[in-house]
Amino acid sequence: MRADRLVALLLFLQSRGRVTVAEVAVELDVAERTARRDLEALATAGIPVYSQRGRGGGWSLVGGARTDLTGLTADESRALFLLAGPSSANPELRTALRKLVRALPSTLRPDAEAAVRAGVTDATDWSRTAVTADAPRLDALQRAVIDGVQVRLGYAGPGRPAGERTVHPLGLASKAGVAYLVGGTERGLRTFRLSRVTSVEVTGEPVVRPDGFDLATAWRSLASAVEDRMHAVTARALADPGAEAVLQRLFGGRLRIGAGAEDGQLEIEVDGPSPEVLASQLAGLGAQVEVLGPPRTRARLAELAAELALVYAVPESESADSS
């Protein structure tokens, strides 16, 4: 008998206590003859299983014997099911979770089942845009990582049309709910946001892993480089207290609020990748924020103000009519 069917049969016996051949056949999706042969094979292999004939009979583990196939503690099982058991999980994961629930001791089962129902995953942001790759591409990349094969990756970078490149898939990472592929390229290690992957074609060529490659270490290095770019420039400014909530949403951990000025305004510092990007992000706050430096950010804000005034200035004729 197949090893996975042996495990499934043991778990079924543990969860039900006593089972009939017909119930085993339905559970394992096999013929009754095969189910009976599997039960007999367990007994032959030394598993303490026996049969009882007659009404109310069936197959049972001797003395209610149990095999703890998971070795999980209550806290460990709860944490696992909270992590892996949202109601939107894919069918394969739901099936695996059901099997794992049956493997748990009966005292741990209620908590595990409750944890499965305790969360939900929504793969769209507030603009209803998907923030993870769709299932076929995600599955293809997971298989490529596990099988160790190169892929031709279709990828659309920010503001650029999709192009193709050969990538050595080395691992998958998730940061703040966003999934990334870590891959080797002709230019070294790179990260690819899965929501921007447009196609995955397996080449069949083996992945070449860098000597001593460790996914966690590589991810920390790649993420650190991106984070450093996000903090490349610091702008100093005075902000109206009413703008604090908006600033927090815009900049998060890149915002630092200092002491209040004499006129009640807040002294703030914000980090960004460049003076121009900071100017664009702060421009929408208008007079609620006055940038003190650097000069390039102030200059770009002045340019934006002039451009907006030119576009939105009210013609003199309309101004005269309104008066």
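Trainee: What do β5 and β6 form, and how many residues lie between them?

Mentor: β5 and β6 form a hairpin with 2 residues between them. In the turn, Ala-176 has a positive phi of about 55 degrees. This is a predicted model: local features need pLDDT of at least 70, side-chain atom pairs need 80 or more, and totals for chains, interfaces and linings use all residues. Residues are numbered from 1 along each chain as its sequence is written, and side-chain values use heavy atoms, without hydrogens and water.

Trainee: How many bridges join β5 to β6?

Mentor: Two strands pair if DSSP finds at least two bridges between them. Here 7 bridges join β5 (residues 163–175) to β6, and the strands run antiparallel. Gly-171 has Val-182 of β6 as its bridge partner. On to β7 (residues 188–193): 6 bridges join β6 to it, again antiparallel. A hairpin of 2 residues links β6 to β7.

Trainee: Which residues point each way from β6?

Mentor: In a regular strand the side chains alternate between the two faces of the sheet. Val-178, Tyr-180, Val-182 and Gly-184 point one way from β6, and Ala-179, Leu-181, Gly-183 and Thr-185 the other way. All are buried (under 20% relative accessible area, 1.4 Å probe, protein chains only).

Trainee: How is a helix pair described?

Mentor: Two packed helices are described by the angle between their axes and the distance between the axes. The axes of α9 (residues 244–251) and α10 (residues 275–283) come within 11 Å and cross at roughly 140 degrees.

Key:
Axes are lines fitted to C-alpha atoms, for helices over the stretch in contact, and angles run from 0 to 180 degrees between N-to-C directions. Helices (H or I, at least four residues) and strands (E, at least two) are DSSP runs, numbered from the N terminus. Buried means under 20% relative accessible area, exposed over 50%, partly exposed in between (1.4 Å probe, protein chains only).
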